[in-house]
Amino acid sequence: MSDLDVAAAEAASCTRCALAQGRTQVVFGTGDVEADLLFVGEGPGAEEDAAGLPFVGRSGKLLDRLIAEEMGLARSDCYIANVVMCRPPDNRDPRPEEMAACRPWLDVKLTHLAPRVVVTLGNVATRALLGRREGITQLRGRAYPWAGRLLIPTYHPSAVLRGSPGAMAGMRADLVRAKLALAGDPHAVAGAG
Ligand code: URA
């Protein structure tokens, strides 16, 4: 068993925060453990809680489509995780103490996966990882050097599904930016789009 498998097995019975009480199962994360690209979302919804896998509902299907269209990648080429591993009730935002309790599990993933590029999906994941208070509209449009990697914030796919102005075009541009970053292109670091 790899260190990540060991962590996933331990995480399956995690009770470090109150979200443990309402979950069906822990959604640890999924994908290629050797991937250079990590997506970090917010937390599992109902379908993810039932499946034990991140981004399997409508948001996930859109994410899969945009990764394919803008990056030429399949979800199996990436690793996908969330800031919290257990479903917040009624799909509310995870609370600061819940994110703090789950952070060591995310850090384990970052250590063992070692992605070169991290794409954060939406306000919650972007603020949690960048440690900034601005919203995604302000923070997206560039890549940030972060923990020896590049962090590229983008909209959460649910914002695209809700029809938020500019979200679809912005997310597509950010995924192109992530593709350039993976290719080592310096243009990835600058410029809104
Ligand atoms: N939204 C998220 O942020 N993560 C999921 O896994 C599913 C929906």
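Modeller: By the grid rule used here, the count comes to one cavity of 30 Å³ or more. A cavity is a set of points on a 1 Å grid over the protein atoms alone where a 1.4 Å probe fits but cannot get out. This is a predicted model, where local features need pLDDT of at least 70, side-chain atom pairs need 80 or more, and totals for chains, interfaces and linings use all residues. Residues are numbered from 1 along each chain as its sequence is written, and side-chain values use heavy atoms, without hydrogens or water.

The largest cavity holds about 100 Å³ of space. Volume here is the space filled by probe spheres set on the points, joined across faces, edges and corners. Its lining has 13 residues (an atom within 4 Å of a point). Nearest its centre lie C14, C17, M85, C86 and C102. By class, ten lining residues are nonpolar, three are charged and none is polar. Nonpolar covers Ala, Val, Leu, Ile, Met, Phe, Trp, Tyr, Cys and Pro; charged covers Asp, Glu, Lys and Arg; the others, Gly among them, are polar.

Now the open space. The largest pocket has a volume of about 940 Å³. A pocket is an open set with protein on both sides within 12 Å along at least five of seven lines. It is lined by 39 residues, and E42, G43, D93, H156 and S158 are the closest to its centre. The lining of this pocket comprises 18 nonpolar, twelve polar and nine charged residues. Helix α5 gives the most, six residues. Helices that supply at least two include α2 (46-51), α3 (58-71), α4 (96-113) and α7 (157-161). Helices are DSSP runs of H or I, at least four residues, and strands of E, at least two, numbered from the N terminus.

The buried residues of α1 (3-11) are L4, A7 and A11. They span an arc of only 60 degrees around the axis, so they sit on the same side of α1. The arc uses directions from the helix axis to the C-beta atoms. These buried residues pack against β3 (79-82) and α4.

One more residue deserves a look. W146 sits in strand β5 (144-146). It counts as buried because its relative accessibility is 13%; the cut-off is under 20%, with a 1.4 Å probe and protein chains only. Beyond neighbours within four places in sequence, W146 contacts R103, L110, V118, L129, L130 and L151 (heavy atoms within 4.5 Å). Its side chain reaches the backbone oxygen of L129 at 2.8 Å.

Conventions. Buried means under 20% relative accessible area, exposed over 50%, partly exposed in between (1.4 Å probe, protein chains only). A polar contact is a pair of N or O atoms within 3.5 Å; within protein, one must be able to donate a hydrogen and the other to accept it, and residues adjacent in sequence count only if both atoms are side-chain atoms.
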